[in-house]
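Visitor: Could you walk me through this one? I have the sequence and the model open.
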Amino acid sequence: MNFHKLRITTGISIKHSKYFSSIAKAELPATFVKDDVEYVPERDKSGLRPQHKNVLLETMPYNEAHSWIHLTEKYQRSLYGRYGGKSKVNPQICFGTLAERTKAQERQAITQPETLPEILEKLRITKAAKQAAIKDREDAILKKLEKLEQWKADLNAKVAKRKADAAAAIQRKERLIEEVRRHFGFKVDTRDERFKEMLEQKEKEDKRKQKEAKRKVKEEKMMAKLVQKTN
């Protein structure tokens with residue numbers, strides 16, 4: 001029985017000793033810097049070349065020229081445009097030489113003969129003309145809208161007059177037909193030649209009476225105007 005207890009306690013102590021020994025191995029003791037020891041730097045695992053890594057870190061890719069391309073004006077201008085003063089490039093090269101500027105001016109004189117103020121003035125005149133045309137059109141529309149009600153009234157009056165004239169013509173035709181029938185004293189077929197002749201005479205006489213009535217109305221209006229002027 002005592003031997004069994006000894007085995008249990010021994011097993012527990014062995015387990016605890018293994019646990020604490022693992023903790024002790026994980027925590028290494030502090031060490032001091034030694035001058036006679038050569039330290040090995042950590043390896044760069046990115047696989048990038050130094051110049052590419054510098055571009056990624058937004059620094060100068062090269063501290064000195066590695067190719068003839070790095071000495072060209074185009075490359076130097078791009079360096080100054082991206083890194084500014086850190087590139088140690090003279091910003092004067094960004095403006096070009098006198099010969100380049102002269103050539104650019106000659107090209108611009110051919111492709112774009114007008115100066116910037118002239119272009120702006122032309123645009124201003126064009127814009128003002130468009131705005132004036134729009135305003136004139138809007139004013140014309142407003143004037144037409146003001147006359148719209150009068151146009152509606154005139155159109156309705158014309159339509160009513162045409163309807164009245166058509167109804168009067170129908171009534172006049174019926175009246176003439178009735179007069180012709182009364183002239184014969186009996187019912188006559190409208191297709192009869194005698195009926196047609198008499199109806200034509202009646203129509204001519206009726207037209208003459210209408211002209212006479214219109215003439216009298218016109219004379220009366222003229223006389224009224226004259227009287228009004230004399231007064």
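Guide: A term to begin with: buried means under 20% relative accessible area, exposed over 50%, and partly exposed in between (1.4 Å probe, protein chains only). At 44% relative accessibility, K122 therefore counts as partly exposed. This is a predicted model, in which local features need pLDDT of at least 70, side-chain atom pairs count only at pLDDT 80 or more, and totals for chains, interfaces and linings use all residues. Residues are numbered from 1 along each chain as its sequence is written, and side-chain values use heavy atoms, with hydrogens and water left out.

Visitor: What does K122 form a salt bridge with?
Guide: With E114; the closest N and O atoms are 2.4 Å apart. A salt bridge here is a side-chain nitrogen of Lys or Arg within 4 Å of a carboxyl oxygen of Asp or Glu. E114 is partly exposed, at 30%.

Visitor: How many salt bridges in the whole structure?
Guide: The search finds 9. One of them pairs R77 with E100, at 3.5 Å between the closest N and O atoms. That pair links distant parts of the chain, with R77 in helix α3 and E100 in helix α4 (residues 98-111), 23 residues apart. Helices are DSSP runs (H or I, at least four residues), numbered from the N terminus.

Visitor: Switching topic, is H70 buried or exposed?
Guide: H70 is buried, with a relative accessible area of 12%. H70 sits in the loop between α2 (50-56) and α3. A polar atom of the H70 side chain lies 3.0 Å from the backbone nitrogen of H66.

Visitor: And which helix has the lowest mean pLDDT?
Guide: Helix α1 (residues 2-26), at 45. pLDDT is the predictor's confidence in each residue, from 0 to 100. Where it is low, the predicted coordinates should not be read in detail.

Notes
Helices (H or I, at least four residues) and strands (E, at least two) are DSSP runs, numbered from the N terminus. A polar contact is a pair of N or O atoms within 3.5 Å; within protein, one must be able to donate a hydrogen and the other to accept it, and residues adjacent in sequence count only if both atoms are side-chain atoms.
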